[in-house]
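Reader: I would like to go through the helix packing, the sheet and the chain contact of this model. Could you take my questions in turn?
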Amino acid sequence: MIQTDGLTKRFAPPKRGLPEVVAVNNVSFEARPGEVFGLLGENGAGKTTTLRLLSTILAPTAGTARVLGYDIVKEPEQVRRLIGVVATDTGLYDRLTPRETLRYFGELNDVDRATIERRSSELFAKLQMEEYADRRASQLSKGTKQKVHVARAMISDPPVLLLDEPTAGLDVTSARAVDNFIIEAKGLGKTILFSSHIMSEVEKVCDRVAIIQHGALIVEGTLGELKGRKADAKFEDVFVRLLGEGQR
Amino acid sequence: MSERLTGLNWRHVSIVARKEFTDTLRDRRTWLAMVVLPLVIVPVLLLVAPSAIQSQIDKVEESVAAVAVVGGEDAQRFLGFLSQVEGVSIVQSVSPEADLTARKIQAVLELPAGFDADIAAEKAVEVEIAYDAADQKSASAQGRLMEVISAYSAIVAEARLTSRGVDPKLLSPIAATSRNVAPPAKMGGAFLSMVMPMMIAIWAVTGGMYAAIDGTAGEKERGTMEVLLAAPPSRGSIAVGKFIVVTATSLFSAVISVVAMIAAFAIKPEALAFGAPAGSVAVALPIGRLALIAVASIGVAAIFAAIQLAVALFARGFREAQAYLAPLSIIVVLPGIATQYMPVADAANWAFAVPLLNAILVYKELLEGIVNWTHIGTVLVSSLVFAYLCLQVTVALFRREQVVFRT
């Protein structure tokens with residue numbers, strides 16, 4: 001369960017004389033266990049900052065959030081034990097293999113060696129990347145690297161997943177493997193916060209969504225609720241319409 | 001927000017350190033900076049460079065100086081003497097000053113009219129040597145001519161005294177000879193203490209530089225920093241894990257540089273000192289003192305590891321970090337240069353409390369055979385306290401969003 005309560009993040013102005021940047025503005029929502037909650041918005045809307053606040057690597061300027069009851073401001077270390085993060089534009093340690101990367105993050109999450117080895121093998125099999133498990137990351141394709149990120153986020157079997165565009169730049173096959181993996185994780189009762197630009201993917205994996213515009217949450221609901229009476233409408237059209245309404 | 005280093009999770013520290021070690025040891029650049037460069041550059045600096053300089057000096061010394069004589073029509077006796085001197089050749093020149101400036105000749109010797117006659121009449125005679133001090137060969141020719149004139153002057157003086165029935169030895173009542181009582185090992189220690197402290201300091205900084213950059217600015221550039229910070233370990237544990245690896249890398253590099261220096265000098269001890277007779281200089285450093293040099297280096301390595309991590313963390317990427325850290329390798333040389341010719345016994349007590357400077361002084365002591373436990377202890381304590389303070393700054397920076405997300 002993730003509950004945000006008036007979550008706000010303001011950054012210092014990039015140059016003197018300019019106003020401060022309000023990246024996230026009084027955002028409140030709730031993502032429940034066994035549900036994929038989509039966080040949608042255009043570039044710069046505040047999705048990534050929201051996820052960074054939830055992963056405790058940024059501190060909110062105002063408001064707070066709770067992850068399985070733990071406060072992100074007061075109990076950041078407990079929060080980090082409960083989350084698996086796939087961040088956008090992240091890289092891997094080029095000189096480590098996927099197996100070593102998983103071992104590193106498993107150990108950082110206090111998972112014992114035997115469990116790490118077992119889970120690594122399971123994850124590599126599920127993500128169809130066993131043959132790359134012992135190659136250095138520098139030799140891997142973009143798709144395989146992204147799979148390593150997903151596996152890394154799952155190595156501690158966290159109850160909460162924060163996924164920021166986990167399929168960005170992936171080919172269809174890799175993206176499908178990742179999506180199926182997310183759906184499977186949902187079936188295991190995990191709370192999943194998911195941000196994406198690809199509306200067909202949102203329709204496929206998300207149960208409920210919130211749309212963020214200029215840092216503020218403008219609408220929240222199930223896909224069906226947001227589509228309204230036009231149940232057969234493409235969600236992409238619904239998204240664009242809602243953004244337009246948000247501008248007004 | 002401030003996190004005390006006492007609240008660290010040492011299990012996390014060790015996990016981060018182990019990973020950083022693996023990563024660092026797989027990085028060719030680290031190996032290059034940590035091992036290959038000291039192993040190559042140190043012998044080149046200490047053996048090849050002095051040999052090259054010596055061979056240049058020898059070349060100048062061995063060359064024959066072309067000297068044009070102005071006047072001297074009635075100085076046949078002196079010119080006869082000069083023409084027999086090795087390394088000097090009298091040449092004809094229509095415009096001697098121009099030839100000297102054009103470096104066609106190395107010196108112009110101006111003799112007054114009636115030179116031989118004035119000498120015979122026991123008058124004082126003045127001659128002038130024109131030379132180009134900006135030209136090594138010309139400067140050498142000037143020296144040689146001064147010696148020739150001095151020798152001729154002595155011969156003339158001796159003849160005058162003898163003609164009066166006076167023993168020329170009366171003019172040199174005291175004959176002095178010198179005897180060096182320093183055994184070769186002490187000589188070696190004295191020379192080592194001039195060059196070695198600087199070298200150790202340089203490698204204690206540059207050896208860990210890549211590890212420091214890779215673990216901070218490198219993590220930012222690769223995009224691995226964000227997921228690392230989203231993992232359970234505190235920023236303090238992450239920073240200290242990295243700090244341990246950078247310190248160890250720097251220390252290892254310093255030790256390698258010492259080994260390279262000792263090996264270089266063991267092969268050619270004369271390289272330590274210009275002009276020292278063969279066999280008069282030797283390198284003999286007992287393993288105990290070498291170990292103490294390594295111990296004294298721990299603090300230096302720790303201080304610079306913390307500083308380098310802090311500075312490199314602030315940088316947006318690898319190149320920016322390199323640019324920020326480059327001046328450190330110059331700064332680190334300064335205490336070495338300032339104390340290069342300073343007898344360590346003259347060092348004030350306060351100097352032993354100044355980080356880096358105190359390590360340089362203790363290196364000098366150890367190389368000269370002095371083991372002063374108070375000094376060694378002071379160096380260790382003051383360096384580690386200073387390193388701890390630097391590390392606090394590094395940890396504080398790891399906790400600052402503006403620094404960690406400065407990309």
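Reader: At what angle do helix 15 and helix 16 of chain B cross?

Author: In this predicted model, the axes of helix 15 (residues 357-367) of chain B and helix 16 (residues 373-398) of chain B cross at roughly 155° and come within 10 Å. Since angles over 145 degrees count as roughly antiparallel, helix 15 of chain B is therefore roughly antiparallel to helix 16 of chain B. The crossing is left-handed.

Reader: And which residues in the two helices meet?

Author: Helix 15 of chain B contributes Asn358(B), Ala359(B), Val362(B) and Glu365(B). Their counterparts in helix 16 of chain B are His375(B), Ile376(B), Thr378(B), Val379(B), Ser382(B) and Ser383(B). By class, this contact has four nonpolar, five polar and one charged residue.

Reader: Turning to helix 2 and helix 11 of chain B, are they roughly parallel or antiparallel?

Author: The axes of helix 2 (residues 28-62) and helix 11 (residues 235-267) of chain B cross at roughly 25° and come within 9 Å. Angles under 35 degrees count as roughly parallel, so helix 2 of chain B and helix 11 of chain B are roughly parallel to each other. Their crossing is right-handed.

Reader: How many nonpolar, polar and charged residues are in that contact?

Author: The contact of helix 2 with helix 11 of chain B comprises 14 nonpolar residues, four polar and no charged. Among them are Met34(B), Leu39(B) and Leu46(B) in helix 2 of chain B, and Phe252(B), Ile256(B) and Phe265(B) in helix 11 of chain B.

Reader: Now the sheet: in what order do the four strands of chain B lie?

Author: The order is 2-1-3-4 in an open sheet of chain B, with mixed pairing. Strand 2 (88-91) and strand 4 (128-131) of chain B are the edge strands, each pairing on one side only. On average, neighbouring strands are turned by 30° against each other, direction ignored.

Reader: In which sense do strand 1 and strand 2 pair?

Author: Strand 1 (residues 65-70) of chain B pairs with strand 2 of chain B in the parallel sense, over four bridges. Val67(B) stands opposite Ile90(B) in strand 2 of chain B.

Reader: Which helix lies across these strands?

Author: Helix 6 (residues 136-163) of chain B lies across strands 1, 2, 3 and 4 of chain B, and runs at about 165° to strand 4 of chain B.

Reader: Lastly, how many residues of chain B are in contact with chain A?

Author: There are 18 residues of chain B in contact with 22 residues of chain A. Helix 1 of chain B gives the most to the chain B side, with four residues. That side divides into seven nonpolar, four polar and seven charged residues.

Terms used:
Residues are numbered from 1 along each chain as its sequence is written. Chains are lettered from A and ligands numbered from 1 in the order in which they are written. This is a predicted model: local features need pLDDT of at least 70, side-chain atom pairs count only at pLDDT 80 or more; totals for chains, interfaces and linings use all residues. Axes are lines fitted to C-alpha atoms, for helices over the stretch in contact, and angles run from 0 to 180 degrees between N-to-C directions. Angles under 35 degrees count as roughly parallel, over 145 as roughly antiparallel, 65 to 115 as roughly perpendicular and the rest as oblique. A crossing is left-handed if the near helix is turned anticlockwise from the far one by less than a right angle, and right-handed if clockwise. Two residues are in contact if their C-beta atoms, placed from the backbone, lie within 7 Å. Ala, Val, Leu, Ile, Met, Phe, Trp, Tyr, Cys and Pro count as nonpolar, Asp, Glu, Lys and Arg as charged, and the others, Gly among them, as polar. Two strands pair if DSSP finds at least two bridges between them.
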